[in-house]
Amino acid sequence: MSFFISPAYAEGAAPGGMDPSMFNLVFLVGFGLIFYFFMWRPQAKRAKDHKTLLSGLSKGDEVITAGGILGKVIRLNDDYVVLEVSGDTELTFQKTHVSAALPKGTIKEI
């Protein structure tokens with residue numbers, strides 16, 4: 001049946017059409033921008049904020065660790081922080097595991 005119908009071939013690209021290589025370039029640039037604004041930039045901001053938090057720690061600050069332990073800073077050095085969590089109980093953590101500083105007076109009866 002196909003021998004009765006002659007094949008139709010396109011003359012050329014439609015006028016005003018986008019070149020496929022240009023479309024791929026625009027798509028790649030768009031994907032790069034989405035990656036930058038939704039993933040890399042917020043992560044860099046969080047890392048900068050955390051670094052600022054760790055550099056600003058001092059004795060007497062009340063903090064929460066990544067594991068959810070609340071405590072008051074009693075000693076700290078470049079790598080470690082010692083927290084008083086209850087009465088005479090002291091726990092030593094790596095400084096990087098401190099996730100947030102709490103307002104003064106948050107922890108009662110330590």
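What follows is a short talk on the nonpolar core, the salt bridges, the surface patch and the aromatic pairs of this predicted model.

Before the details, a word on conventions: residues are numbered from 1 along each chain as its sequence is written, and side-chain values use heavy atoms, with hydrogens and water left out. Since the model is predicted, local features need pLDDT of at least 70 and side-chain atom pairs count only at pLDDT 80 or more, while totals for chains, interfaces and linings use all residues.

Let me begin with the core. The largest nonpolar core has nine residues, namely Leu53, Leu54, Leu57, Val63, Val73, Val81, Leu83, Phe93 and Val98; by nonpolar core I mean a set of buried Ala, Val, Leu, Ile, Met, Phe, Trp, Tyr and Cys residues joined through side-chain atoms within 4.5 Å. Buried stands for under 20% relative accessible area, exposed for over 50%, and partly exposed for what lies in between, with a 1.4 Å probe and protein chains only. Two or more residues of this core come from each of the elements α1 (20–55) and β3 (80–86), where helices (H or I, at least four residues) and strands (E, at least two) are DSSP runs numbered from the N terminus.

Now to the charged pairs. How many salt bridges does a search of the whole structure find? There are three, on the criterion of a side-chain nitrogen of Lys or Arg within 4 Å of a carboxyl oxygen of Asp or Glu.

One of them joins Asp49 to Lys45, with the closest N and O atoms 3.4 Å apart; because these two residues are four apart in helix α1, about one helical turn separates them. Asp49 is partly exposed at 41% relative accessibility, whereas Lys45 is exposed at 53%.

Another pairs Lys104 with Asp61 at 3.1 Å between the closest N and O atoms. Lys104 lies in the segment after β5 (98–102) and Asp61 in the loop between α1 and β1 (62–65), so this pair ties together parts that are 43 residues apart in sequence. Lys104 is exposed, at 59% relative accessibility, but Asp61 is buried, at 16%.

The remaining entry on my list is Arg75 with Glu90, where the closest N and O atoms are 3.5 Å apart. This pair links distant parts of the chain, with Arg75 in strand β2 (residues 70–76) and Glu90 in strand β4 (residues 89–94), 15 residues apart. Arg75 is partly exposed at 47%, and Glu90 is partly exposed at 42%.

Phe23 and Phe27 form a stacked pair, 6.4 Å centre to centre with 20 degrees between the planes, and both lie in helix α1, four residues apart, about one turn of the helix. Phe23 is partly exposed at 46%, while Phe27 is exposed at 56%. Elsewhere, ring pairs link Tyr36, Phe37 and Trp40 into a cluster.

Definitions and conventions: Rings of Phe, Tyr and Trp (its six-membered ring) pair if their centres lie within 6.5 Å; planes under 30 degrees apart count as stacked, over 60 as edge-to-face and the rest as tilted.
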